[in-house]
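Here are my notes after a pass through the model, written as numbered points. Have it open next to you as you read.

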Amino acid sequence: MRRFGRKGFLPLALVPGSAAVWAVVNTGAVVDGRGPTLDVSWIPALDMSLSFRLDVLSWLMVILVGGVGAIVLGYCAWYFASGAKFLGRFAGVFVAFAGAMLGLVTTDNTLVLYVFWELTTVFSYLLIGHYFDRKGARRAAMQAIIVTTLGGLAMLFGFLILGEAEGGSYTISELIAAPPAGGGLVTAAIVLVLVGAISKSALVPFHFWLPGAMAAPTPVSAYLHAAAMVKAGVYLVARFAPGFAETPVWQWMILLTGGATMILGGYRALRQHDLKLLLAFGTVSQLGFLILLVGQADRAVALAGLALIGAHAMFKAALFLTVGVIDAAAGTRDLRQLSGLAKHLPWATVPGVLAAFSMVGLPPFAGYVGKEAALEALVHLDDPMSVAVLVVVVIGSILTFAYGMRFLWGAFARKKGVPDTSVDKEATGLYVAPNVLAFAGLFAGLFPVAGETLLAPYADTYPQGEPGHLTLWGGFGIPLLLTGVIIVAGLLLMLGRTAIERAQELVSVGPDADRTYRGTMRRLDSISVAVTSITQRGSLPVYLGLILLTTVVMIWTSAYAGGLRIGALKPWDYPVQAGVAVVIAVAAFLTARARRRLKAVVLLGITGYGVVLLFALQGAPDLALTQALVETITLVVFILVLRRLPAYFSNRPLKASRWWRAILATIVGVTVTFVALVIPNARVTDTIAELFPEEAYNFGYGRNIVNVTLVDIRAWDTMGEISVLLVAATGVASLVFLRARAGRVERIRDHDMDRGSVWASDSPGDDALVRRSRTQPVRSTRNRRWISAGVALAPHRRSVIFEVATRLIFHTMLVFAVYLLFAGHNSPGGGFVAGLVAGIALTVRYLAGGRYELGEAAPVLPGLLLGSGLFLSAGAGAVPLAFGGVVLQSAVIDFHLGYLGDVHLVTTLFFDIGVFLVVVGLMLDILRSLGAEVDRQGEAEGRAAPDVAHDSPRSTADDAQPLEDALAGGGPR
């Protein structure tokens, strides 16, 4: 869109248009019941598969969604101004919305249908709120997403009940062919599914959100109203009606919501002065009409409803696009200000008149064919429910005729006392789309037999009645008489529009749904503020205490209800384990008592290293190695962070709340211990851990069960975890960096030696020593430096012993990391452990020489490592698909390398290398963020990292050197 501007909509229209072409190509197969299908297992445990099929109903909806979508996108090429902003975002969301609708109408799985359902909700929110700088657009978008999401959740619960009920299924075709046995749960499920449909299609009592959606651009309104979002509810009712239309609760909900919506929408349309709002309330009425028809159990009525679905898409899209032309040319949509447009905008008048005639049901248009078929079918049904439907249809059709004529009069007629509206000349392309759609409605009406042939196969799946027919002339009879009544009564309402408007202003028909919604949202906001003020008090101990207390209550309640008991206990395998446990307990207690942050961190590390010993004593070297590395890195990260924090925790007087926290901590500890002792005896089946050794070797081709589990058996979990690591690295960096993250690595050559050394003190002798050494001629320092960037540090910040040790162990650690990476499939190690070792090696270089040394050690951006690692892991997982395998499937490759011997290569090695790169990238990003960037900020502030506390805690026996002694220069007491 940046390159082609608004003309980029034209090639983009080919995307949804190709879907319509695909449906047309498959027409013959669909009518014969041989439509294309696709079934890919996704989540078997949830009976969730990517199942798609193209039957007659899906075929109809694909043509409407794809065809109308393509036409509307073409219309956008002339609708938007050449300098309009955010067209790329609009185009992308529009196409994504069309894609979600295509998935919704073709899927054969209820859970996947819900996924697409909510995608349409999100995309419609973005489209309605396209003009996000306008308050009305933001409010309308929020209203739409709240209402439709609420209905979608209700529908999901209904799907879950239908899927889990006796005889139920998550496959739609199976569910309709053999509905689950009736009962209270199934009845509740039907109600919930219909709530989702009526909320999406804006039926009473959720009808108020659709007129508000007129804040969207006109092309969005045309697509939403004609072929997309609101049609999703109609589609859902039509899809489930063959299986559930005979259920009493279904019949009553369809009659009450559909009938009330048809009449209320038509009534509200009669008083609108904005052409878009008039059409919006007309859409509300028409949606009630469509659901009222496709929700019946009779085949003939259903055929009429299917015909009207297609007719409605054509005439409503044409009308909205015509209003867009009028708005662009005349600068207003107020019918009280418009006059004489029939003369000045003839190519807007033609589609407006044709589409309006189809909407009100005049021959020979598609709307007339569908309405006549509905009247013919309902007249021949004599049950009370069908009679009530017939009465509602007649009354609603009268209102439809009245507001349809009101639209034509308001948009194109010359009005007395109103001068002709001056119009701007619009591009010819703007008139193409509405004319195409309007003439399509005329063409479809002229060939009703073709429509019957195409739609009858799905109508025949309904459970009752004789097959219906679509025809332009049904002979003389009651349907023709009712049509005459509709036309005459509609004309009378139109002619008496002034008196009717005045009466509507005086008479209120029930509560205002929009005001009710806003009042409800205000009350919810007030309640949420009150609840938040109680629960969100800004205290981390309170939050953590509530979470832990809730957890404790739930665990003990479940244990009591389930009768869980502690089984036989074995204190230890080796007496040394008890000694380690005592050390861990003492360190944990001292950690809670410590007032100095550094002491708390060191004591916390002791508890972690104690766990390392327990792992090692239990015969788990992989876990011990990983835990040791994690504890080491955690200790370093803590220390890096502590440089910017006070040395002491806040000095708070001893309060009773501390005792409560101590009691809660004790209870939590006892609870966790209880859970650890109960779980082994609560098992109801054999543990799968017994199968891991054999499975890991036979299918993962490795003897290291831990590593094979990470890269093969539970590779999906690992993929998610490394993605989280990438997000975590990005989050840490974004919190620490006060400037844009540099696009290059800072190395020693970037350091300005004339500005002094890093972390120099205020003592004149230190920097003077460095400066003096620079002024004296010296020989080359090559092979005399233990590290590359040590010269950048102030002398009193350097340690020769540390630098020598770093020089000796850095490369050894890297070689060891590579060994762990390649040996991890059969020996302790793996990509994660290898990455931690490499990360510790980089940490040692940073601690020895500072941020410039880190740049010399790893002259690469962390983002490159993170992205490359994730890409390599994902790519290695996708490669098996090219060979007929499944994602993340492993294979073994054996070959001989002469003197080097036999090589046993498992393809999961490449996945593990990706993990290695992600871990190294994470460590490098943390060192650059919490290390190098904190250093840089300290240098910019002109001071070193604090060595003493910022607060003034009281002197206690718990801490060896309180702040008073530090400030006085005294040593430890």
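Predicted model: local features only at pLDDT ≥ 70, side-chain atom pairs only at ≥ 80, totals over all residues.

1. Leu604 sits in helix α27 and has a relative accessible area of 40%, so it is partly exposed.

2. Is Arg643 buried or exposed? Its relative accessibility is 17%, and because the cut-off for buried is under 20%, Arg643 counts as buried. The C-alpha of Arg643 is 9.5 Å from that of Gly931, although the two are 288 residues apart along the chain.

3. On to the inside. The largest nonpolar core has 188 residues, and the ones with the most contacts within it are Trp209, Trp250 and Phe407. Helix α15 (residues 299-330) is the top contributor to this core, with 23 residues. A separate core of 42 residues lies apart from it, with Tyr846, Leu854, Ala858 and Phe916 among its members.

4. What does Trp250 touch, leaving aside residues up to four places away in sequence? The list is Ile190, Leu194, Val237, Phe240, Ala241, Phe244, Ala245 and Gly295. Ile190 and Leu194 from that list are also among the buried residues of α9, and α13 (248-269) is part of what covers the buried side of that helix's residues.

5. Helix α9 itself (residues 184-200) is worth a look. Its 17 residues reach 25 Å from the first C-alpha to the last, close to the 24 Å expected at 1.5 Å a residue. The buried residues of α9 are Val186, Ala189, Ile190, Val193, Leu194, Gly196, Ala197, Ile198, Ser199 and Lys200. Cover for them includes α6 (110-128), α7 (135-164), α10 (209-212) and α12 (229-244), along with α13.

6. Ala202 has a relative accessible area of 0%, so it is buried. Pro205 is in that loop too, and the peptide bond from Val204 to Pro205 is cis, with omega near 10 degrees. For context, most residues other than glycine have a negative phi, and most peptide bonds are trans.

7. Two further backbone spots go on the list. The peptide bond from Pro363 to Pro364 is cis, with omega near 5 degrees, and Pro364 lies in the loop between α17 (346-360) and α18 (366-379). Tyr701, in the loop between α30 (692-698) and α31 (705-713), has a positive phi of about 60 degrees despite not being a glycine. At 25% relative accessibility, Tyr701 is partly exposed.

8. Last one: how many of the residues of helix α11 (residues 218-226) are buried? Nine of the nine, so the helix is largely enclosed by the rest of the structure. By name, the buried residues are Thr218, Pro219, Val220, Ser221, Ala222, Tyr223, Leu224, His225 and Ala226.

How values were computed: Residues numbered from 1 in each chain as written. Heavy atoms only, no water. Buried < 20%, exposed > 50% of the residue type's maximum accessible area, 1.4 Å probe, protein only. Helix = DSSP H or I, 4+ residues; strand = E, 2+ residues; numbered from the N terminus. Core = buried A, V, L, I, M, F, W, Y, C linked by side-chain atoms within 4.5 Å. Contact = heavy atoms within 4.5 Å. Expected span 1.5 Å × (residues − 1).
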